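Welcome, and thanks for taking a look at this model.

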Amino acid sequence: METMEIVDVRKKYRRNVVLDGVSLSVGEGSCVGILGGNGSGKSTLLSILAGVRHGDGGKFLWQQEDLFSNTKLRASLVGYVPQGIPLLEELTAWDNLRLWYEKPVLERELEDGALAILGVKEFLKTPVYKMSGGMKKRLSVGCAVNGNPRILLLDEPTAALDLICRERIYSYLREFKAQGGRILLATHDVQELELCDSWYILKKGALIPYRYDGNVRHLVGRL
Amino acid sequence: MYVVAQFKRASKLFPAALAGTVILMLCLGALAFGFLQADAGQDRKQMVKIGMVGNMEDSYLGFGIRALQSLDSSRFAIEFRQEDSEETARRALKRGEISAYVLIPNGFMESWVRGDNVPVTYVTSPDATGIGSMVMEELVEVISVLVTESQHAIYSAQRIWSSEGRQDWYGEAEERFYLRVLDLVLGRKGIYRLELTGVSNGLSITEYYACGAAILFLLFFGVAASPCLASCDVAVYRLLRVKGLSAWKQFLAEYISYTVLLWGCYLVMALFLSHTFGRIFCMLPVVMLVAAMQLCVCEWIPGPVVGAPVQFLGAAGLGYLSGCFYPVTFFPEKVQMAVPFLPAGAAMRYAGNLATGRCVWWELAIMGVYGTGSFFLAVLRRKHRLAG
């Protein structure tokens, strides 16, 4: 069985310690929810794991291989959806996807792959600047899952989206999990929490395990 | 694929950027035309200053000039001033202190007395050729007076000799008179020679402003286009880096596509400036320099809100200092010395030298330094942004 572990990840901005030795492991076909207040370091943790930011220390292990040092392996294993919209505004959905996909793979994915589940085909010829927020987010997820990654890092993927768009993304995430993928999800959203199998609260740089039972008031009290 | 994506972005920006730049250029052109018209009105009210180079100690010539300055009707329009040497006069002309200078050769008056036509050289810049024609008209007037008065002299002499009963004299004397006058009339075109110095590096005023317009077009293109090109979310750059596209590869792709876009737009502009294909091709180094500088500015000041005004001020400032609006000879000597070392100044000289067929290696080297410097500064900034 493949193992994925995050060991002692640290990060500080000047004197402000954001991540103080964060460690956790994610099992096959599971989704881990990272909860926390604004500025608690959720996005920082995901961006460090994705390689977008550099951490001050720690390891990101896949089968005992450190993905922080093996960037090629990380690029092939990890898909990352940041909070912003990492798309080229002037280009169409097709042109944006072509940045990440080879043409035959893209056509296949649009027919019966991840992109089909996300419903990207509906707005393939639409320039990004004309898309709704939901379309952009679905396209961002579509771009992130190129090359069939085994690990997905999602930073509030359905924030401010309508129910239909959410459902499209959730459908894909359920499918991803069913195929043995691992998801690390930074979120505030109750619906997203229900998608997770385990939960952690990130507070003062440390990860605290949490058992979410649908009681939002209790959760808010812990943040 | 990133290069292809950037080309697609550039091609989508092409029409809007071109239209924006043309509108900007038209507005600036109208503004400049308005100022020039106002200036021209001022000029008409000013006296034309003409430098005199030569031995003014000659009594006849000195008397003639003094007579012109104090008695002739031209004294309200023309002011003569003595220059020490031709070099001094040429510098004064370049600085715009005088509109022209007249080079009077040694022994000029003696040659006139002999009836020989030793030419006077009238030196002016192309923007003052109107003065040239004015002075030439004056010279023709002088000649006609000279011929008429000579004829009066001949007829008077005939009458005097007839009344004195010395008809035997005027056969030979009259023949000599006629020959002298004929010599002067036939050779009157040889009494002056017009020499045009050029506004800068021997360029005609049309060529000079064609170069200026081309450089300005490229500089102002950045106002309309480059902020849009650089307004991409930094998250895209970061993800591309994670996927193996380093900062310098990203920037190189953007640079190539932007340079091609800029060159394409210049091509359209060049058709209006009637540049030849060879000339358009040779302007590629200038396009590359401007593209690198504009993208560098966009990289350091991303977003059009602050970026576009900075591009505008940069373009206007560099264009002004580099002589795109006025010939650099209008500026103080120290500024003139610095202009060739400015990026747009080097580009102007490069374009000018191309037009006159002079060597361009020095200008190419300066542009290369600025272009490469801008490129590396931009890559450095991109790296910094990605690391952020």
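Predicted model: local features only at pLDDT ≥ 70, side-chain atom pairs only at ≥ 80, totals over all residues.

**Around B:Q167**
- B:Q167 sits in helix 6 of chain B, a helix that covers residues 167-186.
- Once neighbours within four places in sequence are left aside, B:Q167 is in contact with B:W161 and B:S162.

**Chain B as a whole**
- Chain B contains 16 helices and five strands.
- Of the 388 residues in chain B, 32% are buried.
- Among contacts in chain B with a separation of 6 or more, 76% are between residues 24 or more positions apart.

**Where chain B meets chain A**
- The two chains touch through 17 residues of chain B and 17 residues of chain A.
- On the chain B side, the elements giving two or more residues are helix 1 (2-45) and helix 9 (234-242).
- Helix 1 of chain B provides the largest share of that side, with six residues.
- Sorted by class, the side of chain B that touches chain A has 10 nonpolar, six charged and one polar residue.

**The four-stranded sheet of chain A**
- Chain A has an open sheet of four strands in the order 2-1-4-5, with antiparallel pairing.
- Its edge strands are strand 2 (16-26) and strand 5, each of which pairs on one side only.
- Eight bridges hold strand 1 and strand 2 of chain A in antiparallel pairing, and A:M4 has A:V26 in strand 2 as its bridge partner.
- Helix 1 of chain A packs on this sheet and touches strand 1, strand 2 and strand 4, with its direction at about 115 degrees to that of strand 1.
- Strand 1 (residues 4-13) and strand 4 (residues 57-62) of chain A run antiparallel and are joined by five bridges; here A:V7 stands opposite A:K59.
- Strand 4 and strand 5 (residues 65-66) of chain A are also antiparallel, with two bridges between them, and A:W62 stands opposite A:E65.
- The hairpin of strand 4 and strand 5 of chain A has two residues between the strands, and A:Q63 takes a positive phi near 55 degrees there.

**The six-stranded sheet of chain A**
- Another open sheet in chain A has six strands in the order 6-7-8-3-9-10, with mixed pairing.
- Strand 6 (78-81) and strand 10 (206-210) of chain A are the edge strands, each pairing on one side only.
- On average, neighbouring strands of this sheet are turned by 20 degrees against each other, direction ignored.
- Strand 9 (residues 198-203) and strand 10 of chain A run antiparallel and share five bridges, with A:I208 in strand 10 as the bridge partner of A:I201.
- Helix 1 (residues 42-50) of chain A packs on this sheet too, touching strand 3 (31-35), strand 6, strand 7, strand 8 (182-186) and strand 9.
- The direction of helix 1 of chain A makes about 145 degrees with that of strand 7 of chain A.

**Helix 4 of chain A, and its two sides**
- Within helix 4 (residues 103-112) of chain A, the buried residues are A:L106, A:E109 and A:L110.
- Seen down the axis of helix 4 of chain A, these buried residues fall within an arc of 100 degrees, so they line one face of the helix.
- On the other side of helix 4 of chain A, A:P104, A:E107, A:E111 and A:D112 are exposed.
- The cover over the buried residues of helix 4 of chain A includes helix 3 (93-98) and helix 5 (114-118) of chain A.

**A buried proline in a loop**
- A:P157 belongs to the loop between strand 7 (151-155) and helix 7 (163-178) of chain A.
- A:P157 counts as buried because it has 27 C-beta neighbours inside 10 Å, with 20 or more needed for that label.
- Not counting residues up to four places away in sequence, A:P157 touches A:V81, A:K137, A:V141 and A:I169.
- A:P157 and A:D189 are 32 residues apart in sequence, and their C-alpha atoms are 9.7 Å apart in space.

Methods
Residues numbered from 1 in each chain as written. Chains lettered and ligands numbered in written order. Buried ≥ 20, exposed ≤ 12 C-beta atoms within 10 Å, placed from the backbone. Contact = placed C-beta atoms within 7 Å. Nonpolar A, V, L, I, M, F, W, Y, C, P; charged D, E, K, R; others polar. Arc of directions from axis to C-beta. Pairing = 2+ DSSP bridges. Axes fitted to C-alpha atoms, helices over the stretch in contact; angles between N-to-C directions.
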